[in-house]
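The sequence and structure come next.

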Amino acid sequence: MSDALSVIPAAVHRNLSDKLYEKRKNAALDLENIVKSLTSAGDHDKISKVIEMLIKEFAKSPQANHRKGGLIGLAAVTVGLSSEAAQYLEHIVPPVINSFSDQDSRVRYYACEALYNIAKVVRGEFIIFFNQIFDALCKLSADSDANVQSAAHLLDRLVKDIVTESDQFSIEEFIPLLKERMNVLNPYVRQFLVGWITVLDSVPDIDMLGFLPDFLDGLFNMLSDSSHEIRQQADSALSEFLQEIKNSPSVDYGRMAEILVQRAASPDEFTRLTAITWINEFVKLGGDQLVRYYADILGAILPCISDKEEKIRVVARETNEELRSIHVEPSDGFDVGAILSVARRQLSSDHEATRIEALNWISTLLNKHRTEVLCFLNDIFDTLLKALSDSSDDVVLLVLEVHAGVAKDPQHFRQLIVFLVHNFRADNSLLERRGALIVRRLCVLLDAERVYRELSTILEGEDNLDFASTMVQALNLILLTSPELSKLRSLLKGSLVNREGKELFVALYASWCHSPMAIISLCLLAQAYQHASVVIQSLVEEDVNVKFLVQLDKLIRLLETPIFTYLRLQLLEPGRYTWLLKTLYGLLMLLPQQSAAFKILRTRLKTVPTYSFSGGERERDQISRTSSVPFPQYMHNHEDGDVEDNKINSSHQGINFGARLQQFENVQNQHRGQAMTKVNYTYNSSSSSTSKEVRRSEELQQPQQQQQRPPPSSTSSSVADNSRPPSRSSRKGPGQLQL
């Protein structure tokens, strides 16, 4: 240290720590000249002593003015050393960099000034300190003092110039630091970082594109900055990189795809749009390179299809179609299970458009990779069944298409129908809201007869009788009204004359027994009028309830629709279709006279002619005479004289109507038994609570009941008996009511 003092005059030593800048500046000039002389003399030991003295006594001094003097002194030494300064930089630069974090803003300012002067002298030689300098400048760019910020900006521009012209800059060592700093939220720091990324990307010898995955997320994060200028700078940098990607033969799409997928779900609209735009380009450019990321990309695209911003929706739809059009195989790494998992999750989306596209993906996979999809069927089947309750008809129709595609295999067909019935049983509202739509669509996509046969088989063994009745009534109404089931109705119309119709009639009859009105409707459709009449005669008092009358009302109105045109035309030949007349009159007798259905049917029956257009004079006279007698006698006279029915029955021996009637009565007895059990349970529950109340009341009123009571009326028993409604459970014969 004494060597340094012997070289530096006391006045220079004293003025370096003066509070006045001019004195410190003059002292620095004197020091510069001294160092130049020592350099010329080659006295490197004394130069080292001078640098050591400036660091210990000035740069590290607790006195701010001393630190200021030390900084300007180190810069002067560097200028004095000139071309030989490089060998001393490892001693000169660190104290200056440390001063960037000084508590005194003026010291930080002079540190910037000192390093600026040092950098101008050594230029590329100080690249070895670049990371430390960059880190310091990053902090100074957000300094609280405006003067320090200005000085840092000047130094930053100089460092950028030096880096762009240097061949010693190591991008590999710099990227980890850049990546770490990209998470800073300060707007000044963000501007500083984007500026450096842009500058480095402009240098031909620096491959910033190769390291883009390391700082891409940080750039996307800046797109949602509150500062318009920062958003614009980040967008400009991203646009430039995207253009480079389009022109580059080799790009690491995978790592960047992971970042883009996350950013596509950003709450910021501009960020989502930019991310989905990048994904769109990646799908077009990356192709097979992105196979392993298809599921993640699809998971980002599907929600964007329902985005509130139209631009995002347009790009997302385009990307979705582009992705779906790519032909890849599982052997190429295409994960069918992962895609199905994404589609399944998106079926729970609140947005209809997203749910529809998810179903389109499942349908596409089913068509292209059926075997693989069926392997994952258990994972998606429950979700697909729940989707049948979707609020959107379009979604339900697509779900049914997927189900139909799966049900091409017999085992899956059976599973579908079983699960469908299970869902209808568990959710009555689903049957009410979607039952007709689901069944009708399945009949179009699959064979209608096959669907109805399977449903009938399942419902035949249904333990929940109330549900079975409701389900059969719904299926019967669909059968009678849906245009899609016209071929099925035509087949049933020939039940008495061809084998196919007979087999279908028998198959449906087993489950249709759960609903008397469904059986009657089925018989009318199959033109089994005699059996329909017998079924009506077999009904007992308990069967004719409100639900029955509601169903009967629907049937009467359906008889006036085009579907039953053939039946109404048959009424023109009463002599030929006597059992049809008997059936219709039987239905009329079951209806309340004041109901609209009664008036409709009575009006229709009034139009039945009293003669046959196809008969001769003798037949017209016979029908004319018969029409004037009471209805029971009219029916009795024609019951055994229906020649056409005899012909039909003689040509059709396959249906055992006696066994069918027994089957119907057995099922109805089960329904009556269950209904009686419910009534008894309700009665016992209410009686138990009522008896307790009565006993309590009697105990309270017992003192007042000592008075003489009048004798009970002898007619009370007979009145009670007479007030009971007559029972129809006992009959003398077919068509005769028990009075």
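A polar contact is a pair of N or O atoms within 3.5 Å; within protein, one must be able to donate a hydrogen and the other to accept it, and residues adjacent in sequence count only if both atoms are side-chain atoms.

## Basis

The model is predicted: local features need pLDDT of at least 70, side-chain atom pairs count only at pLDDT 80 or more, and totals for chains, interfaces and linings use all residues. Residues are numbered from 1 along each chain as its sequence is written, and side-chain values use heavy atoms, with hydrogens and water left out.

## Loop residue His 514

His 514 sits in the loop that runs between helix H28 (499-512) and helix H29 (516-526); helices (H or I, at least four residues) and strands (E, at least two) are DSSP runs, numbered from the N terminus. Why is His 514 classed as buried? Because its relative accessibility is 4%, and buried means under 20% relative accessible area (1.4 Å probe, protein chains only).

The side chains of His 514 and His 671 form a polar contact at 2.9 Å. Not counting residues up to four places away in sequence, the residues touched by His 514 (heavy atoms within 4.5 Å) include Leu 459, Leu 465, Val 472, Val 667 and His 671.

## Loop residue Ser 17

Ser 17 belongs to the loop between helix H2 (10-15) and helix H3 (21-41). Its side chain reaches the backbone oxygen of Arg 14 at 3.1 Å. With neighbours within four places in sequence left aside, Ser 17 contacts Phe 58, Asn 65 and His 66.

## Cavity

One cavity of 30 Å³ or more is present. A cavity is a set of points, on a 1 Å grid over the protein atoms alone, where a 1.4 Å probe fits but cannot get out; lining residues have an atom within 4 Å of a point. The volume of the largest cavity is about 40 Å³, a volume being the space filled by probe spheres set on the points.

Among the residues lining the largest cavity are Ile 556, Glu 560, Arg 568, Leu 584 and Arg 604. Helix H32 (565-570) and helix H34 (596-606) each contribute at least two residues to this lining. The lining has six nonpolar, no polar and three charged residues.

## Whole chain

The chain has 39 helices and zero strands. Of its 739 residues, 48% are buried. Of the contacts between residues at least 6 apart in sequence, 71% join residues at least 24 apart.

Notes:
1 Å grid on protein atoms, 1.4 Å probe; cavity = no way out; pocket = protein on both sides within 12 Å on 5 of 7 lines; lining within 4 Å. Nonpolar A, V, L, I, M, F, W, Y, C, P; charged D, E, K, R; others polar. Buried < 20%, exposed > 50% of the residue type's maximum accessible area, 1.4 Å probe, protein only.
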